[in-house]
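These are my notebook entries on side-chain pairings.

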Amino acid sequence: MLHEILIAGFGGQGVMSMGMLLAYAGMTEGLKTSWMPSYGPEMRGGTANCSVVIASDAIGSPLVTEPSGLVVMNLPSLEKFERKVKPGGLMVINSSLVKKKASRDDIEVLYVPANDIADELGNPRVANMVALGAFVAKLRPVKLDSVKASLKKVLPERRHDLIPLNERALDRGAGLVD
Amino acid sequence: MKQVFKRPQALSDTVMHYCPGCTHGIVHRLVAEAIDELGILDRTIGVASVGCSVLAYEYFECDFQEAAHGRAPAVATGIKRVLPDRVVFTYQGDGDLASIGTAEIIHAATRGEKITVIFINNAIYGMTGGQMAPTTLLGQKTTTTPRGRLAEYHGQPIRICEMIKELDGAAYVTRVASNSPRNIAVAKRAIRKAFQVQLLGLGLSLVEVLSTCPTNWGLTPVESMKWLEEKMMPHYPLGEFKSPGEVK
Amino acid sequence: MLGELLLMKGNEAVAEAAIRAGCRHFFGYPITPQNELPEYMARRLPEVGGVFVQAESEVAAINMVYGAAGAGARVMTSSSSPGISLKQEGISYLAASELPCLIVNMMRGGPGLGGIQPAQSDYFQATKGGGHGDYHLIVFGPESVQEMVDLTPLAFDLADRYRNPAMILGDGILGQMMEPVELSEMLDVQLPPKEWATTGRSGGRRHVVSSLYLDSSELEKLNKRLQDKYLEIMRTEQRWESLDVEGAEVVLVAYGTTARVVKSAMNLAREEGIRVGLIRPITLWPFPTKAFESLEDVGRFLVVEMSSGQMVEDVRLVVNGRWPVSFYGRTGGVVPDPKDILARIRELARGGGTR
């Protein structure tokens, strides 16, 4: 089993913690996992992405260049990474912010109105959890429960009051996938 | 028979390598006397620098580290942060402190490192053979200012005390001279006070000592004392630039 | 005894491992991609009675390390390539004065200001001396966050045992990535007695830490002593990992992050029926020559690095013409792709390829 995942968006959308939750969940399931952020000036330039590898065997490069699973939270990320997805891979698009459709027909694409659902839940900041819930439900690199259990490890303590909301957002996202 | 003069305990019984008329030996003795009087020999660690005083560790009886050129205040910081109850001093020349080591002295002072800095200013590079120092006076001839130092070509001589005194972490900043019995007595009190400031944990203490270099100045020892007074003192006025009230 | 599994960034994990190994003094200066290490120290050291100083420069930081090491402390600094270049003078003084300390280099692409992405182009600098004079650091090239954590106390211990600076040579990936890691408990470290340290005479003999020897024969004596020490280290401290080397058509040689990528490429090669092996140096100095000494049934070597070819020179020295040695490298912060390495393996397994 090998999942090479790339999560991309702009700073403040919570893409780093999406990746950390996946890596943490993988670890608690006894899998090999790694998380690797984009770093340097581009972080402050607005776009951010992280690579997550979840595998049953030792992980080679933690840097994902051809993802088997991609989450794009904004338009520049779609334009930058869509062509890199492995044929047969999965791409989740935050359709609240990305109005463009995918151009690939050799990958599976899931449109998730993450910000709209987050707004319904009363906090636009959990859009990332909506997208992550859908991604996890579709790709199943880890169990959704493991992701939920990782919230208190990944979120800073001052945000722990938001854990129930984050769980609801994960569920709403997962609910979009049958 | 009553003994009226002896070598300070903190000074080792070693023949110094300094040239005739050089005042390093005098300043070494003043530092050693201050260490003796304060009774801190067993808990003092000196930091020697690069220049004529590179072998200072041979002449003192306390523990010593020899630092890279200009880095003595950083080395002293490392020692003091590990051993905050010890007394740490650097002994640096003008090339070491005022040229290659400006960043280290400024930031050690800014951090208020509780160390004592003995700064020997003789307006020239001694060990390397008489090149221009950052403190070389305008008009002064050296091997790298063969026509005399020109402000527009070589830049102006730097005044360290005037600069360091502005830094909040510097507690005691003074300039003294080693050219006359009277000035040497003042220098002695200043060095002792600098150590006391450290013992009270008040911040960085710096004593600049105007010194001679007859060999590279091309003067006799007696002429050098006069040159120091007539040429150096107008540009580098003596006195306390900053002094805490806690120590007299 | 190991604690719970944590997901930690390499930079932070090394910092915590150092603290648990008894390091209480850190002197550093910011540079990407290692900033989380000093930041972690700034937060954590005061909690355990330690001291963190952000120096005015890398030059000052390494000289603070010199002062602290000379005063007998277990002390470290960290930086990345351009900053490590600035520290070289101080490192030479540390080696000459035989002061133990740990230096971490999370390498980034060079030369010059270069980039901030991972590279391995400081291998020469790390293993051949780096500063002026004849000296060596004890250099470790970990491949994972866990191994970095495991090597940190060893690096401190060997530094003390041999009175020699040690270096962990990581890179931007190892510093930035998070991996599950098990940390040891906080060790109750009893540092070996350091009779030579300048701690104030306290009534005893006075001590001097210096690397100045104006008498040539005295300086030669120091050099001989250092060289004897280095020989001893070369004899006893080589560490490496060997995988399926005997009978391999192609034996890969790689360290650090690159070794991980090479392992992925090897899996691909095995699926194609190619017999591949790996020698992964864990100590880069001393270079693990012993890993090569008793080999018999080997086709050829392929060295992979994130550089233009540095460690490959050590491989060629030890292989000494017995087998062909080829090289594949990426530079500037580009991480090699397993598929590109596979392509080289295929070529070599078919008996082709150029040196």
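**Entry 1: charged pairs in chain B.** I looked up B:Arg29 and B:Glu33 and found their side chains joined by a salt bridge, 2.7 Å from N to O. I use the term for a side-chain nitrogen of Lys or Arg within 4 Å of a carboxyl oxygen of Asp or Glu. This is a predicted model, so local features need pLDDT of at least 70 and side-chain atom pairs count only at pLDDT 80 or more, while totals for chains, interfaces and linings use all residues. Residues are numbered from 1 along each chain as its sequence is written, chains are lettered from A and ligands numbered from 1 in the order in which they are written, and side-chain values use heavy atoms, with hydrogens and water left out.

Both B:Arg29 and B:Glu33 sit in helix α1 (residues 24-38) of chain B, four residues apart, or about one turn of the helix. I take helices (H or I, at least four residues) and strands (E, at least two) as DSSP runs, numbered from the N terminus. Are B:Arg29 and B:Glu33 buried or exposed? I found B:Arg29 buried, and B:Glu33 as well. Buried means under 20% relative accessible area, exposed over 50%, and partly exposed in between (1.4 Å probe, protein chains only).

Next I checked B:Arg192, which has a salt bridge with B:Glu37, with 2.7 Å between the closest N and O atoms. This pair links distant parts of the chain, as B:Arg192 is in helix α8 (residues 181-199) of chain B and B:Glu37 in helix α1 of chain B, 155 residues apart. B:Arg192 is partly exposed at 27%, and B:Glu37 is partly exposed at 42%. I also noted a network of salt bridges that links B:Arg29, B:Glu33, B:Glu37, B:Lys188 and B:Arg192. Over all chains, the structure holds 49 salt bridges.

**Entry 2: a serine in chain A.** I located A:Ser96 in the loop between β5 (90-94) and β6 (108-112) of chain A. A:Ser96 counts as buried because its relative accessibility is 11%. Its side chain makes a polar contact with the side chain of A:Asp116 at 2.9 Å. That term needs a pair of N or O atoms within 3.5 Å; within protein, one must be able to donate a hydrogen and the other to accept it, and residues adjacent in sequence count only if both atoms are side-chain atoms. The A:Ser96 side chain also reaches the backbone nitrogen of A:Ala114, at 3.2 Å.

**Entry 3: aromatic rings.** I count rings of Phe, Tyr and Trp (its six-membered ring) as a pair if their centres lie within 6.5 Å; planes under 30 degrees apart count as stacked, over 60 as edge-to-face and the rest as tilted. The count by this rule is twelve aromatic pairs over all chains. One of them is C:Phe26 with C:Phe52, stacked, at 5.8 Å centre to centre and 10° between the planes. C:Phe26 is in strand β2 (residues 25-28) of chain C and C:Phe52 in strand β3 (residues 51-54) of chain C, so the pair ties together parts 26 residues apart in sequence. C:Phe26 is buried at 0%, whereas C:Phe52 is partly exposed at 21%.

Why is the pair of C:Tyr230 and C:Trp285 edge-to-face? I noted that it is so because the planes are at 85°, with the ring centres 5.7 Å apart.
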